[in-house]
Structures are given as C-alpha cells and as structure tokens.
Amino acid sequence: MDKKVIYTIGYTLFQNGNYYDVDALFKTLHQFNVTHLVDVRSVPYSKQYPQCNADNLKVLGKRYNIPYIHMPEVGAKADSSQDVFSKASEIFFDDIFPVSKSNRPEKIELLANEEIVDFRKFRNSEYFKDGLKRIETAYEKGFVLALMCSEKKPIDCHRYFFISKALEQKYGEWIEIRHIVQNTDGTIGTLSNADLACQLQELIFKKSEIANLDVLNPSMFEPAKIDNYFGKTRQEKIEDFCDRYWNLLHGWKKYNNSLNNEEYD
C-alpha cells in the first residue's frame with residue numbers, strides 16, 4: 001500500500017534578496033498537489049516578511065484554492081505553565097555550557113541550570129497530541145497538507161525535529177513525510193526524515209565544540225561519552241546525542257515571554 005504524504009515547507013525558500021515571491025509558494029504547493037497549507041508557527045506573523053502574515057496567507061489561499069489553516073498546537077514555543085521544560089544540563093549531558101547567544105533562538109546565552117523547552121516532553125503534551133489528531137483527521141478526509149514555518153532549511157526548523165519525527169513515530173506505517181527544499185541546481189525537490197537525520201549527524205560532528213568533546217572514543221580510564229546516551233546500539237546513541245544537542249540550540253527558555261519576542265518561529 002502506498003503511503004500518504006505530508007509535506008513541509010519554509011516560506012523563506014522563496015526569498016530572493018529583498019524580494020519575496022509569495023505567489024511562488026502557492027505555485028509550488030500546487031506542484032505537489034497540496035490541498036491545505038498549515039501554518040505551524042506559534043505566532044503566525046513576521047515583521048520581516050509581512051506577506052507571510054496569517055491574514056495575507058488566508059487571502060492568497062482563497063486565490064489559489066489552497067485554504068490556509070493556523071495550527072498553534074504544534075508550534076515550537078510553550079507557555080511557562082506547561083510541564084514541558086527541563087534544565088539544559090538534563091537535556092544535554094556533556095559539559096558544553098554556557099551556550100553562546102549566537103546559537104540560541106532568543107539570542108541570549110544559555111547556562112546549564114536554566115530551563116528550556118524539552119521537545120521529548122513537549123511531544124507527549126496533550127496540547128501537541130491534539131494537533132497530531134487534527135492532522136490525522138485531515139488525512140482521513142483525503143486532504144494533503146503542507147506544514148509551513150519560516151526556515152528555508154528543514155534541518156533548522158521544528159517542523160522537522162519536533163513535528164515530523166512525532167508524525168513518523170505515530171503514523172509511520174501509512175504516512176510519509178517529505179520536506180520541500182531547493183536542490184543544488186536551483187530546482188525544487190524533497191528530502192525525507194532519514195535524509196535529514198544523516199545531514200544532522202554530519203553537521204553536528206563537524207562542529208569544533210563537539211569535536212573537542214571527543215564523545216565517540218574511550219579514554220584510558222573512562223568509556224566513550226556516547227555510552228551515556230540512550231539507545232540499544234551505538235547508532236541509536238549517536239542519534240540520541242544529536243537530538244539532544246539540536247534541542248539545546250533550539251529550545252526556548254522558560255522565563256522568556258517568547259510570544260512577544262520579535263524572532264517569531
């Protein structure tokens with residue numbers, strides 16, 4: 001049985017310098033037979049790209065016959081009252097703190113004892129599960145969705161790490177996730193979750209701060225640090241390490257009033 005496909009897309013894929021081609025977004029959705037555009041930003045507005053604000057996308061959705069829907073249940077930001085936060089040192093076990101502000105979504109340095117969104121907990125929240133159920137219902141009705149956020153590269157976005165992994169884990173027997181990207185030759189193509197997992201591992205282990213940890217090799221007195229991570233096999237432990245590091249760089253701080261932050265997701 002052929003699997004049903006869920007697409008993801010980042011609207012900055014269609015940025016060209018100071019010009020933004022919002023019409024190209026909807027033309028690409030037609031190319032992949034998408035029936036509904038689902039905005040997975042916590043806050044569906046952009047100061048840099050007002051063409052991609054919710055009100056404008058609703059109008060364009062009617063013009064192109066691809067209805068626009070906002071689904072905040074699967075956004076990356078959490079309210080401080082939600083039980084989805086962990087200390088940074090509990091998410092990532094190795095001594096890599098403080099994390100520089102240039103590597104953080106709110107552009108503020110992260111210390112080991114500060115709490116950030118823990119995406120493992122977030123995926124198990126009832127609010128997030130409600131969002132997954134809405135997606136399941138859409139596919140039961142025969143819709144084809146494109147989950148939209150801002151980042152051009154899905155590997156930098158919660159639509160891959162947070163949402164797509166959860167969808168694959170829960171519905172992988174009958175749903176396939178494809179991430180719409182720009183190929184090296186400028187054409188439009190797609191990548192799978194497996195493709196992105198390989199990219200993520202390669203990118204992380206090329207970072208100097210990760211190389212300096214030397215997590216894969218045992219010392220004369222201690223086993224390899226990778227053994228501290230979860231998984232039955234070495235590869236599973238490496239995947240756990242990479243997931244935790246991604247979480248460290250992308251999880252919003254608990255005290256930050258992110259819904260008022262100009263860096264919308």
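Visitor: Is Phe221 buried or exposed?

Guide: Bearing in mind that this is a predicted model, Phe221 counts as exposed, with a relative accessibility of 76%. Phe221 sits in the loop between helix 8 and helix 9.

Visitor: And how far apart are Phe221 and Tyr171 in space?

Guide: From C-alpha to C-alpha they are 44 Å apart, while along the sequence 50 residues separate Phe221 from Tyr171.

Visitor: OK, other aromatics then. How many aromatic pairs are there?

Guide: Searching the whole structure gives 19 aromatic pairs. One of them joins Phe26 and Tyr64, whose rings are stacked, with 5.3 Å from centre to centre and 10° between the planes.

Visitor: Where in the chain do Phe26 and Tyr64 come from?

Guide: Phe26 belongs to helix 1 (residues 22-31) and Tyr64 to helix 2 (residues 54-64), so that the pair links distant parts of the chain, 38 residues apart. Phe26 is buried, at a relative accessible area of 0%, and Tyr64 also counts as buried, at 16%.

Visitor: Which residues form an aromatic cluster?

Guide: One cluster is made up of Phe92, Phe93, Phe205, Tyr229, Phe230, Phe241 and Tyr245.

Visitor: Switching to charges: how many salt bridges does a search find?

Guide: Across the whole structure the search finds 12 salt bridges. In one of them the side chains of Lys253 and Glu114 meet, with 3.1 Å from N to O.

Visitor: Which residue does Glu136 pair with?

Guide: Glu136 forms a salt bridge with Lys133, where the closest N and O atoms are 3.3 Å apart. The two are three residues apart in helix 5 (residues 126-140), so about one helical turn separates them. Glu136 is buried, at 16% relative accessible area, while Lys133 counts as partly exposed, at 44%.

Visitor: And which residues are linked in a network of salt bridges?

Guide: One such network links Arg120, Asp240 and Arg244.

Visitor: Now helix 7. How many residues does it have, and how far does it reach?

Guide: Helix 7 (residues 193-206) has 14 residues and reaches 20 Å from its first C-alpha to its last, which is close to the 20 Å expected at 1.5 Å a residue.

Visitor: Which of the residues in helix 7 are buried?

Guide: The buried residues there are Asn193, Leu196, Leu200 and Ile204. They cover an arc of only 65° around the axis, so they sit on the same side of helix 7. The face turned away from that buried side carries the exposed residues Cys198 and Lys206.

Visitor: What do the buried residues of helix 7 pack against?

Guide: They pack against helix 6 (158-171), strand 9 (175-182), strand 10 (188-191), helix 8 (208-213) and helix 9.

Visitor: You just mentioned a cysteine. What is the count of disulfides?

Guide: The count comes to zero. Cys242 is in no disulfide either, since the nearest cysteine sulfur, that of Cys198, is 10 Å away.

Visitor: Are Cys157 and Cys242 buried or exposed?

Guide: Cys157 is buried, with a relative accessible area of 1%, and Cys242 counts as buried too, at 3% relative accessibility.

Conventions. Residues are numbered from 1 along each chain as its sequence is written. This is a predicted model: local features need pLDDT of at least 70, side-chain atom pairs count only at pLDDT 80 or more; totals for chains, interfaces and linings use all residues. Side-chain values use heavy atoms; hydrogens and water are left out. A salt bridge is a side-chain nitrogen of Lys or Arg within 4 Å of a carboxyl oxygen of Asp or Glu. Helices (H or I, at least four residues) and strands (E, at least two) are DSSP runs, numbered from the N terminus. Buried means under 20% relative accessible area, exposed over 50%, partly exposed in between (1.4 Å probe, protein chains only). The expected span of a helix is 1.5 Å times one less than its number of residues. The arc is that of the directions from the helix axis to the C-beta atoms. Contact means heavy atoms within 4.5 Å. A disulfide is a pair of cysteine sulfur atoms within 2.5 Å. Rings of Phe, Tyr and Trp (its six-membered ring) pair if their centres lie within 6.5 Å; planes under 30 degrees apart count as stacked, over 60 as edge-to-face and the rest as tilted.
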